[in-house]
Amino acid sequence: MKILQPPSWTPPRGYSNGVMTQVGVGDRLLFVGGQVGWNGNQQFETDDFAGQVRQTLENIVAILAEGGARPEHIVRMTWYVTDKQEYVAAYPEIGKHYREVIGRHFPPMTAVQVADLIEDRAKVEIEVTAVVPA
């Protein structure tokens, strides 16, 4: 198992941003822990829902890159949002950011409204599983 941590980011406390493990003959499974809309220094630059989604997706791509993966290797996404209405209202802008950061790759996704997230300013948290072929 290899821990995935972009070198310029502040290290997390008590968890990993991502891990990668080899399975079978050469494929690798990559798990990205829940990412929120803060930058690599763990600072929020916006309270805008769609803006936090964009930063979250950029964080995911950075962690994937640490494992030699790209967005098209994502096989599952789970989105946790604090306000379903805000999420739905931001669909057009979220879609734009998604296509700019992830591309036109649409893996299975689940979106769940939660009462709150651990980081007070976070409006969205996304976790990802990827399979990187040999």
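These legends describe close-up views of a predicted model. Local features need pLDDT of at least 70, side-chain atom pairs count only at pLDDT 80 or more, and totals for chains, interfaces and linings use all residues. Residues are numbered from 1 along each chain as its sequence is written, and side-chain values use heavy atoms, with hydrogens and water left out.

**View 1. The largest nonpolar core has 28 residues.** Such a core is a set of buried Ala, Val, Leu, Ile, Met, Phe, Trp, Tyr and Cys residues joined through side-chain atoms within 4.5 Å; buried means under 20% relative accessible area with a 1.4 Å probe, protein chains only. Leu30, Leu57 and Trp79 touch the most other members. Two or more residues each come from β3 (27-36), α1 (49-66), β4 (74-81), α3 (91-101) and β6 (124-132). The largest share, seven residues, belongs to α1. Helices (H or I, at least four residues) and strands (E, at least two) are DSSP runs, numbered from the N terminus.

**View 2. Trp79 and its contacts beyond four places in sequence.** Contact means heavy atoms within 4.5 Å. The partners of Trp79 include Val53, Leu57, Tyr87, Ile94, Tyr98 and Ile126.

**View 3. Strand β6 pairs with β3 and with β4.** Pairing requires at least two DSSP bridges between two strands. β3 and β6 are antiparallel, with seven bridges; among the residues involved, Val32 has Val128 of β6 as its bridge partner. β4 and β6 also run antiparallel and are joined by seven bridges, and Tyr80 is partnered by Glu125 of β6.

Key:
Buried means under 20% relative accessible area, exposed over 50%, partly exposed in between (1.4 Å probe, protein chains only).
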